[in-house]
Amino acid sequence: LVSNAVEHQVKHLEDLPLTGQIQLFVHHNVFAGRHGAGLTNIVFATPGGALVEYGNVVKPCYQPLAQRMGLQYFHDSNWRAFRNTTAPKTLTKALLSVRKLRGRHRRLPHL
């Protein structure tokens with residue numbers, strides 16, 4: 001799932017070539033998915049975004065990577081909510097957090 005903090009859409013990374021996956025992560029700022037190899041694409045994400053990882057337990061993989069890449073990290077154990085077409089509660093929280101952060105950054109003077 002990817003979002004530009006306005007709307008969200010479901011994308012299946014396994015259906016995209018590597019270049020398409022990279023472009024997806026370069027041009028969006030909120031990512032959500034179940035724990036798996038596809039989340040490593042956050043290395044191509046722009047700092048200031050967010051990652052929502054769905055899984056039964058927090059695994060020590062993507063939280064440190066997200067933080068190193070300048071992304072906020074959220075975890076949600078309710079992975080069934082991720083399957084819905086409407087944005088789950090944790091994803092909505094991530095979207096609002098990124099929107100608020102980006103709004104603060106817009107008010108900063110350009111150097």
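These are my notebook entries on a predicted protein model.

**Ground rules**

I number residues from 1 along each chain as its sequence is written.

**Confidence**

I started with pLDDT, which is the predictor's confidence in each residue, from 0 to 100. The protein has a mean pLDDT of 75, and 65% of its residues reach 70 or more. I then looked up residues 104-111, where the pLDDT is below 50. My reminder to myself: where pLDDT is low, the predicted coordinates should not be read in detail.

Which elements mark the two ends of the confidence range, lowest and highest? I found the lowest mean, 52, in strand β1 (residues 2-3), and the highest, 93, in helix α2 (residues 62-68).

**Fold**

I counted four helices and five strands. Both come from DSSP runs numbered from the N terminus (helices are H or I, at least four residues; strands are E, at least two). Read along the sequence, the pattern is β-β-α-β-β-α-β-α-α. I also checked contacts with a separation of 6 or more, and 42% of them join residues 24 or more positions apart.

**Surface and burial**

I looked up the accessible surface, and it comes to about 7,000 Å². Carbon and sulfur atoms hold 55% of that surface. These areas come from the Shrake-Rupley method with a 1.4 Å probe, and for residues only the protein chains shown count as cover.

Of the 111 residues, 37% are buried. Buried means under 20% relative accessible area, exposed means over 50%, and partly exposed lies in between (1.4 Å probe, protein chains only).

**The cores**

A nonpolar core is a set of buried Ala, Val, Leu, Ile, Met, Phe, Trp, Tyr and Cys residues joined through side-chain atoms within 4.5 Å. The largest one has twelve residues, among them Leu13, Leu24, Phe25, Phe31, Ala45 and Leu71. The elements giving two or more residues to this core are α1 and α2. I also found a second, separate core of seven residues, including Val30, Ala50, Val52 and Phe74.

What does Ala45 touch, once residues up to four places away in sequence are set aside? I found Phe25, Phe31 and Leu71.

**Three stops in helix α1**

Leu24 lies in helix α1. Leu24 counts as buried because its relative accessible area is 9%. Its C-alpha atom is 9.1 Å from that of Asn41, 17 residues apart along the chain.

Gln21 is in helix α1 too. Is Gln21 buried or exposed? Gln21 is buried, because its relative accessible area is 14%. Leaving aside neighbours within four places in sequence, Gln21 is in contact with Leu13, Leu16 and Asn41. Between Gln21 and Lys11, ten residues apart in sequence, I read 9.5 Å from C-alpha to C-alpha.

Val26 also has its place in helix α1. Its relative accessibility is 33%, so Val26 counts as partly exposed. Val26, Val43 and Phe44 make a nonpolar surface patch of about 200 Å².

**Two more residues**

Tyr54 is in strand β4 (residues 50-54). Tyr54 counts as buried because its relative accessibility is 0%. Tyr54 and Phe74 are 20 residues apart in sequence, and their C-alpha atoms are 8.7 Å apart in space.

My last stop was Val10, in the loop between β2 (8-9) and α1 (18-27). Its relative accessibility is 49%, so Val10 counts as partly exposed.

Key. Predicted model: local features only at pLDDT ≥ 70, side-chain atom pairs only at ≥ 80, totals over all residues. Heavy atoms only, no water. Contact = heavy atoms within 4.5 Å. Patch = residues over 30% accessible without salt bridge, like charges linked within 9 Å, V, L, I, M, F, W, Y side chains within 5 Å. Salt bridge = Lys/Arg side-chain N within 4 Å of Asp/Glu carboxyl O.
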